Amino acid sequence: MSAQNPQAGIDVVPPILEMRGISKEFPGVKALSDVSISVGPGQIHAVAGENGAGKSTLMKVLSGVHPYGSYRGDIVYEGKLQRFRGVGSSEAVGIVTIHQEFALIPELSITENIFLGSEITRGGVIDWGEENRRAEELLALVGLREHPATPIKHLGVGKQQLVEIARALHKDVKLLILDEPTATLNGADSQHLLDLILGLKDRGVSSIIISHKLNEIEQIADSITILRDGHAIETLSVKAHEVDEDRIIRGMVGRSLQSRFPDRQPRIGEVFFEVRDWTVRHPQSPERLVCKNESFSVRRGEIVGLAGLMGAGRTELAMSVFGRSYGSYVSGRIFKDGREIVLNDASEAIAHGIAYVSEDRTALGLNLLDDVKESVVSAGLGKVARFGLVDDGEERRAAESYRSGLRIKTPSIDEGVSRLSGGNQQKVVLAKWMFTDPELLILDEPTRGIDVGAKFEIYGIIQRLAAQGSGIVLISSELPELLGICDRIYTIFEGAITNDLAVADADPETLMRSITTTQKKAATR
Amino acid sequence: MSDDSTTSEPAQKPPARRFRLGELRLLMGLQSSGRQFGILGALVAIIVFFQVLTGGKTLDPINLLNLVNGNAYVLILAVGMVLVIIAGHIDLSVGSVAAFVGIVVAISIDQWHLPWALALLLGLAVGALVGAWQGFWVAYVGVPAFIVTLAGMLIFRGANQFVGNSTSVSLPAGNTFAFLGSGYLPDPAWGVQLNLSTVVLGAVAVALVVVREAVRRRGARRAGSELVPLWAAVVRVAVLVVVIAGASYLFAKGPAGTSFPVSGVILVVLVLGYSFLSNRTVIGRHIYAVGGNWRAAELSGVKIRRVNFFVMVNMSVIAAFAGEMWVARAAASGPGDGIGWELDAIAAVFIGGAAVSGGIGTIVGSVVGGLVIAVLNNGLSLLGVSSDRVQIIKGMVLLVAVGLDVYSKSRGRPSIIGRLQRRALAPTAEVPPPDKTPLDTPLDMPVEHGGSGS
């Protein structure tokens with residue numbers, strides 16, 4: 001039964017995995033209907049689709065998070081019909097998932113994390129010698145040069161991900177599931193990871209990779225399945241050159257995007273917001289300055305990019321300006337409309353018309369226990385309250401208008417935000433900050449981990465706000481995004497602003513140089 | 001309220017009404033969860049259970065009086081405690097604070113001859129000072145409340161014994177203060193068998209319930225938001241009316257000179273007031289926000305230190321009040337007062353559906369949780385079950401109640417009510433993907449929503 005491959009017979013070899021006719025319903029939502037995919041041995045299979053298309057659900061069915069019995073359809077793995085009861089039983093046969101949020105313990109060392117739950121013991125006692133030796137092997141395999149005793153908390157995101165993969169390898173992985181593995185990585189780390197996945201392929205490990213980054217798919221995948229609204233739209237062979245970016249986008253959104261960025265005629269006014277000589281200390285190590293004497297300005301109606309790699313200090317700079325919400329303030333002044341303002345905390349920043357949309361929407365952007373309407377008004381409660389009393393009707397009216405205006409997909413404004421998809425949560429966060437009527441809106445990676453269609457909508461919202469006269473600061477690691485919608489771009493490297501470019505003078509190479517080197521203003525002219 | 005300034009923005013069309021079985025929970029009132037629905041059912045079941053087993057003694061008026069007078073202070077503590085727990089903290093010091101305030105009040109009446117009202121205020125002021133002390137450490141220094149109040153538990157227990165010389169201080173006989181803890185409403189009698197004040201109180205409560213429902217429906221209709229279906233509103237009102245009328249009758253037909261107790265009136269007032277605070281006010285919303293995700297709350301402009309400070313001060317003031325009620329009832333304050341109260345209050349809050357991690361919980365749920373414990377205590381002692389076994393049973397009830405909740409959550413909300421509700425809403429989730437130009441949709445957003453002033 002496992003020998004037949006409904007997917008156009010790409011391989012004659014029986015696939016390592018076949019998911020057949022998978023359907024999964026959640027109360028109220030049909031997340032998957034009759035989806036089939038098949039992965040050949042040593043193949044890399046990509047799964048693409050908009051947020052809410054069902055990619056993560058499909059992977060959860062496969063890994064046993066949604067156990068046998070909670071879905072319809074068959075999982076045939078290594079020729080056997082599988083009935084996973086939980087993650088444990090899928091891992092036991094070599095299916096390991098690397099999640100977007102890592103399951104690592106920050107206080108423990110690399111070794112301890114790799115072997116957590118599957119410690120190498122002798123007589124009930126951990127065999128540290130053996131574990132460290134094995135850990136070094138695994139680290140060499142994934143190309144991570146760190147001492148195995150290093151605590152996880154001292155590693156960057158990219159390296160943590162490598163530890164996750166080392167851990168999967170220790171579990172004798174045969175099928176690796178990667179959920180948007182490069183979403184939080186910079187260019188170099190991403191490339192390293194992709195090479196690693198290709199390297200694992202040579203060792204016979206199959207992978208399923210969920211990704212929004214179409215160039216990555218083209219680079220490493222053998223085949224791709226496109227999901228839309230819980231249906232498998234089509235499965236294409238990448239190697240047979242059936243795939244191009246337009247085709248994938250068309251499959252994902254059911255239309256082709258003429259342009260990835262909406263058109264716009266900028267109407268830029270006067271400089272109204274200015275930060276001068278801004279200096280901030282690191283919150284934990286006071287001898288470290290996260291930014292030193294940095295200055296920047298924003299004009300009305302202008303979209304200003306803040307380009308930099310992860311960890312370059314973009315978020316730190318933005319959050320410290322937003323009511324000293326990061327680190328400890330040392331010196332520097334903020335001017336709005338020519339007058340100096342002092343922002344001691346977030347509420348004062350909000351009162352001065354400044355909004356900051358965090359890059360981390362679940363940890364810093366939302367209270368996941370709230371419903372949609374509570375989230376929308378949470379930063380501007382004063383607008384729906386009189387004498388300290390929240391006006392229920394006003395709250396609902398506000399929430400409903402953003403729901404339709406931003407096209408937030410939710411059954412109702414009483415739905416818990418935790419039940420929305422990532423893109424829709426991001427829209428709720430945007431609504432929350434738009435509701436404060438910001439004059440300056442700082443957006444920190446607003447399109448991370450959301451799909452093409454939602455990105456386009458969010459660009460439209462940003463441009464609309466700029467057209468209404470707000471100043472926008474857009475923090476992003478995606479250079480095409482910055483070049484696509486900004487009017488001007490600051491580059492930042494190791495806490496220092498290295499360049500200030502009109503978008504017309506900017507190109508990816510210049511930007512890349514400015515965000516990876518310290519030379520101040522030397523890159524151009 | 002619904003000024004016309006907002007109508008310039010066409011109000012959103014409310015989604016088409018659909019029958020939702022989940023609205024059964026609306027019978028409970030605002031923001032209630034299935035869990036509370038369950039705990040209320042459990043309370044009724046326990047009452048019926050003991051009523052049968054004790055041969056009708058449970059709902060006997062005298063027993064009801066004892067039940068209310070003997071538990072009002074713990075229930076009041078639960079009202080303060082749930083706010084602390086929603087904000088993500090805990091307060092272990094309430095029993096000691098109550099005892100400390102109790103001895104101060106007793107001394108102020110007995111030795112300094114303060115009028116009872118002044119003594120009452122003095123006690124609340126001492127409570128506020130204690131709360132400010134603990135709130136300072138929790139909110140501004142950042143010491144976990146568990147530690148601060150563990151220290152407070154020792155400090156104020158010691159303070160009680162230091163001030164009172166480790167002995168009891170009695171109130172002078174016949175002091176008016178006693179009416180806080182064991183007083184009754186006046187009874188004009190007029191030759192009627194029933195206590196008229198209680199009857200009037202009951203009638204007022206019934207009227208309030210009906211009027212409130214009507215006002216709420218009208219307000220909701222004006223705001224254009226979804227209306228609770230009429231049947232649900234009627235059933236809810238009817239159930240409440242029957243319960244209130246029944247309780248009023250039972251309390252009114254008690255022995256001569258008794259009525260619905262003053263302590264019960266105080267409790268009801270506090271429950272109503274704090275429910276309003278937690279559901280409808282900005283500070284209430286902020287408490288939930290801090291407990292749910294304090295970092296997000298902080299970045300949203302919530303002054304989290306102030307919220308934490310407020311919660312701790314509020315708790316200590318309530319503890320002070322509970323201590324006063326206790327002194328009033330016992331007509332004395334002693335070194336052993338209030339031992340273990342914090343645990344009763346905390347148990348009530350968790351049985352009532354609050355989450356240890358904060359952000360979740362309701363006033364009404366906590367009081368119902370407290371009533372479950374109270375009725376259980378009372379029923380078991382009526383049955384002559386010894387206190388050792390009562391403790392075991394109470395412990396098991398706490399564990400099973402919270403255990404059931406955790407279990408049902410871990411199964412991903414298999415609650416039938418929840419499922420049916422979600423399913424009925426299904427099709428709306430399938431919004432078709434946007435056409436080629438998403439920007440065609442109007443983004444001229446909600447500008448003014450009134451009220452913002454500027």
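**Sheet and helices in chain A**

A: Starting with a helix on the sheet: helix H6 (residues 187-202) of chain A lies across E3, E9 and E10 of chain A and runs at about 150° to E10(A). Keep in mind that this is a predicted model.

Q: Which strands does helix H1 of chain A lie across?

A: Helix H1 (residues 55-63) of chain A lies across E3, E6, E9, strand E10 (206-210) and E11 of chain A. Its direction is at about 150° to E9(A).

Q: What is the strand order in the sheet?

A: E6-E9-E10-E3-E11-E12 in chain A, an open sheet of six strands with mixed pairing. Strand E6 (95-98) and E12 of chain A are the edge strands, each pairing on one side only. On average, neighbouring strands of this sheet are turned by 20° against each other, direction ignored.

Q: How many bridges join E6(A) to E9?

A: Four, between E6(A) and strand E9 (residues 175-179) of chain A, and the two run parallel. Within that pair, Val96(A) has Leu176(A) in E9(A) as its bridge partner.

Q: Now E11. Is strand E11 of chain A largely enclosed or open?

A: Largely enclosed by the rest of the structure, because five of the six residues of strand E11 (residues 223-228) of chain A are buried.

Q: And in what sense does E11(A) pair with E3?

A: Parallel, over five bridges, with strand E3 (residues 44-49) of chain A. Ala48(A) stands opposite Ile226(A) of E11(A) there.

Q: What about E11(A) and E12?

A: E11(A) pairs with strand E12 (residues 231-237) of chain A in the antiparallel sense, over six bridges. Thr225(A) has Thr235(A) in E12(A) as its bridge partner. The two strands form a hairpin with two residues between them, and Asp229(A) in the turn has a positive phi of about 50°.

Q: Why remark on a positive phi at all?

A: Because most residues other than glycine have a negative phi.

Q: Where does Phe387(A) sit?

A: In the loop between strand E19 (385-386) and strand E20 (389-390) of chain A. Phe387(A) is not a glycine, yet has a positive phi of about 50°.

Q: Is Phe387(A) buried or exposed?

A: Phe387(A) is exposed, because it has 7 other C-beta atoms within 10 Å, and the cut-off for exposed is 12 or fewer.

Q: And what is the phi of Arg407(A)?

A: About 55°, positive, although Arg407(A) is not a glycine. Arg407(A) is found in the loop between helix H13 (392-405) and helix H14 (422-434) of chain A. With 17 other C-beta atoms within 10 Å, Arg407(A) is partly exposed.

Q: Switching to domains. How is chain A divided?

A: Into domain 1 (269-353 + 438-525) and domain 2 (369-436). The C-alpha centres of these two domains of chain A lie 26 Å apart. Their contact takes 11 residues from domain 1 of chain A and nine residues from domain 2 of chain A.

Q: Which helix gives the largest share of the domain 1 side?

A: Helix H15 (residues 452-467) of chain A, with four residues. By class, the side of domain 1 of chain A that touches domain 2 of chain A has eight nonpolar, one polar and two charged residues.

Q: On to chain B. How many helices and strands are in chain B?

A: Chain B has 16 helices and two strands. Of its 454 residues, 41% are buried. Among contacts in chain B between residues at least 6 apart in sequence, 80% join residues at least 24 apart.

Q: At what angle do H4 and H5 of chain B pack?

A: About 150°, for helix H4 (residues 116-141) of chain B against helix H5 (residues 145-163) of chain B, with their axes 9 Å apart. H4(B) passes H5(B) in a right-handed crossing.

Q: Which residues make the contact?

A: From H4(B), Val130(B), Gln134(B), Trp137(B) and Val138(B); from H5(B), Ala145(B), Val148(B), Thr149(B), Gly152(B) and Phe156(B). By class, the contact of H4(B) with H5(B) has six nonpolar, three polar and no charged residues.

Q: Last one: where is Phe162(B)?

A: In helix H5 of chain B. Phe162(B) counts as partly exposed, with 13 C-beta neighbours inside 10 Å. Phe162(B) and Pro335(B) are 173 residues apart in sequence, and their C-alpha atoms are 9.2 Å apart in space.

Note on methods:
Residues are numbered from 1 along each chain as its sequence is written. Chains are lettered from A and ligands numbered from 1 in the order in which they are written. This is a predicted model: local features need pLDDT of at least 70, side-chain atom pairs count only at pLDDT 80 or more; totals for chains, interfaces and linings use all residues. A residue is buried if 20 or more other C-beta atoms lie within 10 Å of its own, exposed if 12 or fewer, and partly exposed in between; C-beta atoms are placed from the backbone. Two strands pair if DSSP finds at least two bridges between them. Axes are lines fitted to C-alpha atoms, for helices over the stretch in contact, and angles run from 0 to 180 degrees between N-to-C directions. A crossing is left-handed if the near helix is turned anticlockwise from the far one by less than a right angle, and right-handed if clockwise. Two residues are in contact if their C-beta atoms, placed from the backbone, lie within 7 Å. Ala, Val, Leu, Ile, Met, Phe, Trp, Tyr, Cys and Pro count as nonpolar, Asp, Glu, Lys and Arg as charged, and the others, Gly among them, as polar. Domain bounds come from an automatic or database domain assignment.
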